[in-house]
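Trainee: Could we go through this model together, starting with the ligand and then turning to a sheet?

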Amino acid sequence: MSHSMKHPEKYKPSVHFVKKAVFPSLSQYQSMHRESLRSPDKFWGRIGKGELAWFTQPKKTLDWKSPFAKWFVGGKLNVSFNCIDRHLEGGKRHKAAILFEGEPGDVRVLTYQQLHDEVCRFANALKGEGVKKGDRVMIYLPMVPEAAIAMLACARIGAVHSVVFGGFSSESLKDRIQDCGAKLVITADGGYRRGQVGGLKQNVDAAVAVCPGVRRVIVLKRTGHLEKLNPIDRWWHELVAHQPSTCPPEKMDSEDPLFILYTSGSTGKPKGILHTTAGYLLGAHLTTKWVFDLKETDLFWCTADVGWVTGHSYTVYGALSNGTTTLMYEGVPNQPEPDRFWQIIEKHRVNIFYTAPTAIRSFIRWGDHWVKKHDLSSLRLLGSVGEPINPEAWRWYHQVIGGGRCPIVDTWWQTETGSHLITTLPGVHATKPGSAGLPFFGVDMAVVDDQGKEVKAGVQGKLVVRKPWPSMLRTIHGDSERYAKTYWSDVPNCYFTGDGAKKDADGYFWISGRIDDVLNVSGHRLGTAEVESALVTHPAVAEAAVVGRPDDLKGQAVVAFVTLKAGHKSGSELVAALRERVSKEIGPIAKPDQIRFAEALPKTRSGKIMRRLLKEVAAGGAVKGDVTTLEDLNVIASLQASSGEES
Ligand code: WTA
């Protein structure tokens with residue numbers, strides 16, 4: 001995660017010229033950007049009106065009672081109408097909306113008309129199951145078109161979806177169902193991943209068994225690996241069979257909730273990040289259009305699963321709102337061989353490719369020859385997201401994948417921000433490998449010290465946003481106090497991102513990564529507290545402390561320090577059991593890479609675990625810095641001697 005900081009960047013910045021870019025000149029961009037900061041109301045009012053299709057125009061652009069924002073007050077619109085219906089008349093009726101490739105190689109194309117019909121049928125089916133405006137619906141599906149169809153069907157009838165990534169365990173699913181009070185769960189009989197059929201249904205069964213609020217489970221037939229349904233289940237295809245292919249879109253208020261997406265924080269269980277209708281859609285729409293410099297004929301491929309925010313904002317909402325063709329791929333990049341992505345790009349002639357640095361670092365490791373086998377000349381623009389991209393990976397991406405001709409947009413944002421907040425714009429800004437770039441329109445970004453004072457160029461500090469923006473989260477579902485405390489109390493009058501950064505003399509932001517107790521493992525957010533809670537559910541564990549360790553491939557690896565209750569013995573068996581426990585409680589993505597058994601954990605005299613110290617031990621370095629508040633100095637020696645067991 002700190003690669004970019006370790007190697008000061010000498011690469012000469014360059015502006016990539018893009019034929020007929022959205023912004024014909026830097027000066028046009030600059031005057032718009034100035035306006036967006038000086039008169040945000042006027043700027044967003046105009047852009048919102050022009051870019052979205054409204055049933056009723058908003059009366060007021062922003063109502064800000066810190067830290068609660070209402071955008072486009074009084075406006076009425078529908079997200080599924082914006083993503084589908086408005087393209088039907090505009091000559092895109094028969095254009096491909098979704099191009100899907102399954103891991104086994106099956107390809108499916110849905111035109112905008114077909115997408116409309118499928119969404120309407122499924123929306124009618126949901127209504128038939130008693131789902132009403134404001135009800136919460138859980139989506140736990142593989143990366144198949146039905147995931148997008150289910151999301152859009154919820155949006156059409158005003159239900160609030162909450163998508164859970166298929167890699168999360170039944171425990172995690174259960175927690176989320178209970179937290180958001182979902183009535184209905186949508187899942188599949190499995191999906192194809194790594195050449196195997198992955199089970200989702202068993203996880204749903206286990207979760208639903210302890211969630212009496214769930215009244216129906218809808219099951220998509222994807223693999224045919226399910227014999228019998230439970231009484232609560234219905235097949236997707238049977239439910240939609242006789243449904244009409246039209247369904248009037250519900251007239252939603254700008255501030256009606258669109259979705260809840262759970263993400264890890266530094267304390268407690270994952271938080272349900274709530275996004276609403278107009279502001280979110282505008283952010284996703286506009287950044288897709290401008291950051292990816294969209295053209296009418298583009299095939300856009302964002303590799304993120306819809307279970308993450310990137311899948312929400314770019315694979316689904318941003319792409320479809322712009323009437324683009326979005327590519328969805330079900331499986332992993334190395335199935336059957338490590339050139340699957342390049343095969344897909346060549347076969348379908350993908351123009352825009354958006355992926356994560358952790359994937360790029362894997363491609364580098366697998367070797368250039370996998371790339372060289374394919375004609376990637378259709379690519380025009382590349383994107384990176386999820387973690388800082390180290391300059392070496394940036395250059396490889398630029399040269400080997402982009403053939404030296406494709407601009408790279410390194411987009412910094414979060415589940416909470418809804419859409420990109422820092423990026424360069426193709427044709428406008430020079431790119432600097434390792435820097436995400438400059439704040440997007442209307443984004444008042446700063447690097448500050450602990451007192452909230454802006455620091456000088458080149459100085460490391462906390463990354464904050466000083467003004468509300470349209471696609472910001474509105475609250476944490478069911479806990480506005482936690483929302484205010486988590487995001488708006490650390491730095492006075494600012495939204496604190498949890499990231500550290502510095503700004504250079506040209507105004508470019510260099511993100512160093514999380515500075516709170518959140519890890520970024522292969523671009524996935526994990527709370528150290530969550531992993532610790534999972535570990536202490538094991539009867540042998542007395543205490544656990546989890547920290548990140550820099551990792552060349554994953555960005556960060558998970559290291560757990562564990563003390564045992566009397567009478568329990570450390571060893572590889574226990575390590576395996578503990579890793580399994582975390583997998584069961586959270587999901588395989590959270591499994592610790594290393595578990596170290598310690599005599600005691602380093603604590604301050606007031607009993608707080610000293611994580612800084614553990615991070616130093618985990619990274620293998622000497623313990624530096626101040627240890628005078630440490631209660632028992634002998635602990636350090638015992639930690640360094642602690643037996644590490646690598647996965
Ligand atoms: C990190 C993913 C550096 C950051 C969209 C942030 C990045 C967290 C970048 C949010 C980037 C995301 N450069 N770091 N381009 N993009 N991050 O909520 O630490 O899963 O706080 O959203 O990922 O992760 P989340």
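Predicted model: local features only at pLDDT ≥ 70, side-chain atom pairs only at ≥ 80, totals over all residues.

Trainee: Which residues come nearest to the ligand?

Mentor: Asp410, Thr411, Thr415, Asp499 and Arg525 do, out of 17 residues around the ligand, where being near takes a heavy atom within 4 Å.

Trainee: And what lies 2.8 Å from an oxygen atom of the ligand?

Mentor: That is an N or O atom in the side chain of Arg525, and an N or O atom in the side chain of Arg514 is 2.9 Å from a ligand oxygen; a polar contact here is a pair of N or O atoms within 3.5 Å. The protein buries 96% of the 520 Å² that the ligand exposes when taken alone, with areas from the Shrake-Rupley method and a 1.4 Å probe.

Trainee: Switching topic, what is the strand order in the open sheet?

Mentor: Its 7 strands run 6-5-18-17-19-20-21 with mixed pairing, strands being DSSP E runs of at least two residues that pair if DSSP finds at least two bridges between them.

Trainee: Why is one side of strand 6 and of strand 21 left without a neighbour?

Mentor: Strand 6 (107-111) and strand 21 stand at the edges, so each has a single partner strand. Strand 5 (residues 96-101) is joined to strand 6 by 5 bridges and runs antiparallel to it, with Ile98 opposite Leu110.

How values were computed. Residues numbered from 1 in each chain as written. Heavy atoms only, no water. Polar contact = N/O pair within 3.5 Å; in protein donor to acceptor, adjacent residues only side chain to side chain. Helix = DSSP H or I, 4+ residues; strand = E, 2+ residues; numbered from the N terminus.
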